[in-house]
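Here is a short report on one protein chain. Please look through the sequence and the model before reading on.

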Amino acid sequence: MTVAIAAASYGFAIVYTRNHLRGLPSLVAPTSQLVLATLYLLPLSLVFNRPWQLPVPSPAALASLLALGVLGTGLAFVVYYRLLEIGRTDLRLHGDLRHSGLWSDSGRTCSG
């Protein structure tokens with residue numbers, strides 16, 4: 001059930017973004033979305049996880065967390081909304097660069 005709700009949320013987000021956020025710089029939508037998600041989830045994480053009772057993570061673990069957050073999530077949001085901004089909405093349907101026209105026929109070079 002949760003997976004179906006998450007999938008439907010992505011569908012609504014695509015429609016909302018195309019209708020209401022067109023013309024804004026490509027970083028506005030992902031930045032506001034991540035900041036608001038952080039603000040919503042921070043109180044819940046403090047109540048349910050009680051982080052002050054957990055052991056302090058190592059510097060390597062903190063660096064990994066930062067890298068995943070910035071590169072894995074942040075960069076993915078920026079790329080996704082940039083592609084929506086330039087009109088490459090067929091990526092959400094295929095999920096494959098070869099079918100979207102961003103990848104050449106030889107499969108070796110990118111032709112964005």
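How many helices and how many strands does the secondary structure of the chain come to? The chain has five helices and zero strands. From the N terminus, the order is α-α-α-α-α. Helices here are DSSP runs of H or I with at least four residues, strands are runs of E with at least two, and both are numbered from the N terminus.

This is a predicted model, in which local features need pLDDT of at least 70, side-chain atom pairs count only at pLDDT 80 or more, and totals for chains, interfaces and linings use all residues. Residues are numbered from 1 along each chain as its sequence is written, and side-chain values use heavy atoms, with hydrogens and water left out.

**The chain overall**

The chain has 112 residues, and 13% of them are buried. Buried means under 20% relative accessible area, exposed means over 50%, and partly exposed lies in between (1.4 Å probe, protein chains only). The accessible surface is about 8800 Å². Carbon and sulfur atoms hold 69% of that surface. Areas come from the Shrake-Rupley method with a 1.4 Å probe; for residues, only the protein chains shown count as cover. Of the contacts between residues at least 6 apart in sequence, 51% join residues at least 24 apart. A contact means heavy atoms within 4.5 Å.

**Helix α2 and its end**

Helix α2 covers residues 28-49. It has 22 residues and spans 30 Å from first C-alpha to last, close to the 32 Å expected at 1.5 Å a residue. The expected span is 1.5 Å times one less than the number of residues. α2 bends by about 30° at L41, and the proline P43 follows within four residues. The bend is the angle between axes fitted to the seven residues ending at a residue and the seven starting there.

R50 follows α2. Its phi is near 45°, a positive value in a residue other than glycine. R50 sits in the loop between α2 and α3 (59-85).

**A nonpolar patch**

V35, L36, L39, Y40, L41, L44, V47 and F48 form a nonpolar surface patch, with about 860 Å² of accessible area together. Patch residues have over 30% relative accessible area and no salt bridge (a Lys or Arg side-chain nitrogen within 4 Å of an Asp or Glu carboxyl oxygen). Nonpolar side chains (Val, Leu, Ile, Met, Phe, Trp, Tyr) are joined within 5 Å, like charges within 9 Å.

| Residue | Relative accessible area |
|---|---|
| V35 | 45% |
| R50 | 42% |
| V79 | 43% |

V79 belongs to helix α3. V79 and P30 are 49 residues apart in sequence, yet 9.5 Å apart in space, C-alpha to C-alpha.
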